[in-house]
Amino acid sequence: MNLSWDKSKRRASNTLPHIPLMFFTLIALFPIVLIVINSFKERKAIFRTPYHLPTAETFSFKGYITLFERADFELYFLNSFIVVALSMFFILFLGAMAAFALAEYDFPGNPILGLYLAIGIMIPIRLGTVSILRLVVSLGLINTLTALIMVYIAQGLPMTIFILTQFMKSAPKDLKDAARVDGASEYRIFWLILPLVRPALATVAIFTMVPIWNDLWFPLILANGEKTKTVTLGTQVFLGQFVIDWNAVLSSLTLAMVPILILYLIFSKNLIRNITAGSVK
Amino acid sequence: MISAKPKKKFPFHIFVFLAPAVIIYSLFMVYPLLDSLRLSFFTELDGKEIFTGFSNYNRLLNDPNWKPRFWGAVKNNSIFFIIHMLVQNPLGLALAALISMKSVKGRDLYRAFFFLPSILSFVIVGFVWQLILSPLWGIGEGIMGFLKLGEYFKPWLGLEGSALIALSLISVWQFIGIPMMLLYAALIGIPDELIEAARIDGANNWKIFWGIKFPIILPTVGMVGILTFVGNFNAFDLIYTTQGALAGPNFSTDLMGTLFYRTFFGQQLQLGNPTMGATVAAMMFLIILVGVLLYMFGWQRRVTTYDL
């Protein structure tokens, strides 16, 4: 009897934590699911049966049609994609190069340079916006994607260099020494080491990519022309104009969420493993 | 002394590795930050910049037009931060503690769900909640009605007394996954032997958490605090999306970020003023700097880090 009591107590302690956890799951997911399912319904159903899945009668693509007729969402997506892809490429490539030099060579000023590059981790780049705008104007880059890309590279580098330097330091010394004995150039050795820090690169990629995709501030200030709008800015402007059109609003919100949700589903397992990996070395 | 065969030639490759990153970072981040600080000591007159010392700061802090806006933003931003510290971080810790329990199944799924809102943009989150709280759609009211609380429902985002609290809680909803993830990573890094030893000594889960686990993860708790601080005093997008640049109703949701934007670009009757904008940015810089220094010297030095 004692044994079975113990068993039921254990079962209780196994199920008890699920109550708050499930409650929180509901809170976290409910708003997102609600928007997505209602974006596929006709207007009446959005108001009458907001909690129901779209049925054959209530199903409607109307919002999405308005979206593509009234706003250039294809272009916004293309812009966002170009900005994110090019920023990411340069952040990772230039960041890895700098991190390699900081980790590998003992040159005068190395610690100071490392500190100089790390300042940007704590100080938000937004605080320099007044001068960034002036700089961008004087370089003739206003309303170009290039301006956004340059700013995002500068924003992403400090954290990237900081994390990658730690990983580069732990790369096996034998490999580098063997390559040097064989007469490999320092550039060649960099290419040898780069694949070894791939997991760190993946983590850094996600952490720098999400804020760039979601940023509203710099597109609003540096590139708010119709041709250079990103998805986030395009959605913001569109939502401001179509507040009344519920179908269009729900569809544009869904469409703006989808790419990042897909990326998240693909990467989340890796991402979470990498975040937690740091602590269980 | 010149040796016939130099031992080391000029390390040109180091330069090649570092130059691109250092140049872009210096040009687009360090220079604008410094130049912006410089601008805060100048005033623009007939297209010319004139050095006026601390007069911009004096205006911001004492001029009857600026003073209430500045201190209002500081106050609102402090409330915004305090709500995050009181709601987001303790709840994040509680969730992290729950999913780090060995007996809990499905932790990967929970973790992924809780983290999901934080990858969405403020624009989406702001609008989603605006719709949910909208009396037109009636979702918020409907749910409260279901819980027999319908009479307490109000269009919170539109009321002066509640808009800031509502927006803070929306922001908490969005970002709770970040403290949860960082604290979870710290919690699962604690060696099992330590926990087992305490259990054999008769400690229960509650005692083990506060007596052993919490002191060990204290450095991470501090890090979560300073990240929250920097993020909160830099916030802009959520307010701009839901309430507009005027941070209504009646400036009740005005944060440092929205004040900065309005000052710099102007809004309705007020003309944009870059040098005053730079002054607001400098004050934000100062606030963040004080926070970071307090964290580094007031907290980080005192907290014991356990080498596990």
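1. A residue counts as buried if 20 or more other C-beta atoms lie within 10 Å of its own, as exposed if 12 or fewer do, and as partly exposed in between. In this predicted model, Asn143(A) has 16 other C-beta atoms within 10 Å and is therefore partly exposed.

2. The place of Asn143(A) is the loop that runs between α7 (129–138) and α8 (145–169) of chain A. When its neighbours within four places in sequence are left aside, Asn143(A) is in contact with Ala223(A), Gly225(A) and Thr228(A). Pro219(A) is 76 residues away from Asn143(A) in sequence, yet the two are 8.6 Å apart in space, C-alpha to C-alpha.

3. On confidence, the model scores ipTM 0.87 and pTM 0.89. Chain B has a mean pLDDT of 90, with 96% of its residues reaching 70 or more. The exception to keep in mind is residues 1–6 of chain B, where the pLDDT is below 50 and where the stretch has zero contacts in the model beyond near neighbours in sequence. Where pLDDT is low, the predicted coordinates should not be read in detail.

4. Between the chains, 61 residues of chain B are in contact with 65 residues of chain A. Several helices of chain B each supply at least two residues of the side that touches chain A, among them α1 (12–39), α3 (67–99), α8 (177–188) and α13 (274–300). The most comes from α1(B), which gives 16 residues to that side of chain B. By class, the side of chain B that touches chain A comprises 50 nonpolar, eight polar and three charged residues.

5. The helix α8(B), one of those that supply residues to the side touching chain A, has 12 residues and reaches 16 Å from its first C-alpha to its last, close to the 16 Å expected at 1.5 Å a residue. Because 10 of its 12 residues are buried, α8(B) is largely enclosed by the rest of the structure. The buried residues include Gly177(B), Met180(B), Met181(B), Tyr184(B) and Ala185(B).

6. Within chain B, α8(B) packs against helix α10 (residues 205–232) at an angle of about 145°, the two axes lying 9 Å apart, and α8(B) passes α10(B) in a right-handed crossing. From α8(B), the residues Pro179(B), Leu182(B), Leu183(B), Ala186(B) and Leu187(B) meet Lys213(B), Ile217(B), Thr220(B), Met223(B) and Val224(B) of α10(B). The residues of this contact divide into eight nonpolar, one polar and one charged. Pro179(B), Leu182(B), Leu183(B), Ala186(B) and Leu187(B) are also among the buried residues of α8(B).

Conventions
Residues are numbered from 1 along each chain as its sequence is written. Chains are lettered from A and ligands numbered from 1 in the order in which they are written. This is a predicted model: local features need pLDDT of at least 70, side-chain atom pairs count only at pLDDT 80 or more; totals for chains, interfaces and linings use all residues. Two residues are in contact if their C-beta atoms, placed from the backbone, lie within 7 Å. Helices (H or I, at least four residues) and strands (E, at least two) are DSSP runs, numbered from the N terminus. Ala, Val, Leu, Ile, Met, Phe, Trp, Tyr, Cys and Pro count as nonpolar, Asp, Glu, Lys and Arg as charged, and the others, Gly among them, as polar. pLDDT is the predictor's confidence in each residue, from 0 to 100. Axes are lines fitted to C-alpha atoms, for helices over the stretch in contact, and angles run from 0 to 180 degrees between N-to-C directions. A crossing is left-handed if the near helix is turned anticlockwise from the far one by less than a right angle, and right-handed if clockwise. The expected span of a helix is 1.5 Å times one less than its number of residues.
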